[in-house]
Structures are given as C-alpha cells and as structure tokens.
Amino acid sequence: SLRSPISGFAINSWNVKDDQLVLDMSVEYKKLSPSSEVLVRAAIGRTMTQLEGISYVSVTVGGEALTDSLGNVAGPMTADLFIDNAGNEIRKNTSASLFYQ
C-alpha cells in the first residue's frame with residue numbers, strides 16, 4: 001500500500017557543488033498540489049541530507065528556481081528544517097509555510 005513520493009514527474013538532472021545537491025524536476029512537478037509539493041520536497045530533502053557530504057538540497061523546475069504561489073523562491077533545505085513527528089504533535093507549531101521561508 002506504500003507508494004513512492006516521486007510520481008507524476010521526473011528528475012531531469014542533479015548536480016552537487018560543495019555540500020549542496022540541486023535537483024531539477026520536470027515541469028510536471030508544478031502540477032502537484034501545494035500540500036503534496038511540500039511533502040514531496042520534504043521527503044526528498046530529508047532523505048538526501050542523510051547522505052554523507054550533502055547538507056543542503058535545492059529544487060528547480062525546468063531549470064528555474066522553485067517558487068511558491070506568492071512568487072517567493074523556495075530556498076535550500078537542510079536537515080534541521082524538518083520536524084520528526086510520530087503523530088502525537090502534529091497540531092503543535094507545524095505549518096507548510098515552514099518550507100517556504
């Protein structure tokens with residue numbers, strides 16, 4: 001019953017410079033709902049920052065910076081940006097806007 005968070009779009013390319021991984025997604029990535037996009041990006045960021053030598057993960061779409069609905073650029077993600085939650089604290093100080101700072 002589990003499914004991959006990477007579905008409906010492709011990773012066009014990836015590049016590592018210093019300790020930052022940049023993933024360029026296909027334009028289909030923009031078809032994700034805002035909440036799905038945040039969760040997908042969190043899953044990817046959380047996974048990739050566990051790799052040795054990767055401290056930051058950035059996402060571009062079709063070679064351009066990823067932006068939110070207000071046009072703000074979604075900056076690089078770090079491991080400390082994510083909240084570990086077993087489900088008991090889901091209502092305490094959590095917000096999708098965390099990923100759009």
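## Secondary structure and confidence

The secondary structure of the protein, in this predicted model, comes to one helix and four strands, where helices (H or I, at least four residues) and strands (E, at least two) are DSSP runs numbered from the N terminus. Read from the N terminus on, the elements follow the order β-β-α-β-β. Residues are numbered from 1 along each chain as its sequence is written, and side-chain values use heavy atoms, with hydrogens and water left out. Because the model is predicted, local features need pLDDT of at least 70 and side-chain atom pairs count only at pLDDT 80 or more, whereas totals for chains, interfaces and linings use all residues.

The mean pLDDT of the protein is 82, and 77% of its residues reach 70 or more; pLDDT is the predictor's confidence in each residue, from 0 to 100. Confidence is lowest in helix 1, at a mean of 89, and highest in strand 2, at 97. Over residues 92–101 pLDDT stays under 50, and for these residues the model has 18 contacts beyond four places in sequence, a contact being heavy atoms within 4.5 Å.

The four strands form an open sheet in the order 1-2-3-4, with mixed pairing; two strands pair if DSSP finds at least two bridges between them. Strand 1 (11–17) and strand 4 (64–65) stand at the edges with a single partner strand each, so one side of each is left without a neighbour in the sheet.

Strand 1 pairs with strand 2 (residues 20–25) in the antiparallel sense over six bridges, and Val16 stands opposite Leu21 in strand 2. Strand 2 and strand 3 run parallel and are joined by six bridges, with Val22 opposite Ser58 in strand 3. Strand 3 and strand 4 are antiparallel and joined by two bridges, with Thr60 opposite Ala65 in strand 4. The hairpin of strand 3 and strand 4 has two residues between the strands, and in this hairpin Gly62 takes a positive phi near 60 degrees.

## The crossover and strand 3

Strand 2, helix 1 (residues 34–48) and strand 3 make a right-handed β-α-β unit; a crossover is right-handed if, with the strands pointing away from the viewer, the path from the first strand over the helix to the second runs clockwise. Five of the six residues of strand 3 (residues 56–61) are buried, so this strand is largely enclosed by the rest of the structure; buried means under 20% relative accessible area, exposed over 50%, and partly exposed in between (1.4 Å probe, protein chains only).

Tyr56, which is found in strand 3, is partly exposed, with a relative accessible area of 33%. Leaving aside neighbours within four places in sequence, Tyr56 is in contact with Asp19, Gln20, Leu21, Thr49, Pro76, Met77 and Thr78. The C-alpha atoms of Tyr56 and Pro76 are separated by 5.7 Å, although the two residues are 20 residues apart along the chain.

## Nonpolar core and burial

The largest nonpolar core has 14 residues, and those with the most contacts inside it are Leu23, Met25, Tyr29, Val57, Val59 and Leu66; such a core is a set of buried Ala, Val, Leu, Ile, Met, Phe, Trp, Tyr and Cys residues joined through side-chain atoms within 4.5 Å. The elements that give two or more residues to this core are strand 2, helix 1 and strand 3. Of the 101 residues of the protein, 29% count as buried.

Not counting residues up to four places away in sequence, Met25 touches residues including Ala10, Ile44, Val59 and Gly62. Ala10, found in the segment before strand 1, is partly exposed, with a relative accessible area of 37%.

## The aromatic pair

A search of the whole structure finds one aromatic pair, where rings of Phe, Tyr and Trp (its six-membered ring) pair if their centres lie within 6.5 Å, and planes under 30 degrees apart count as stacked, over 60 as edge-to-face and the rest as tilted. Phe9 and Tyr29 form this edge-to-face pair, at 4.9 Å centre to centre and with 85 degrees between the planes. The pair links distant parts of the chain, with Phe9 in the segment before strand 1 and Tyr29 in the loop between strand 2 and helix 1, 20 residues apart. Phe9 counts as buried at 10% relative accessibility, and Tyr29 counts as buried at 1%.
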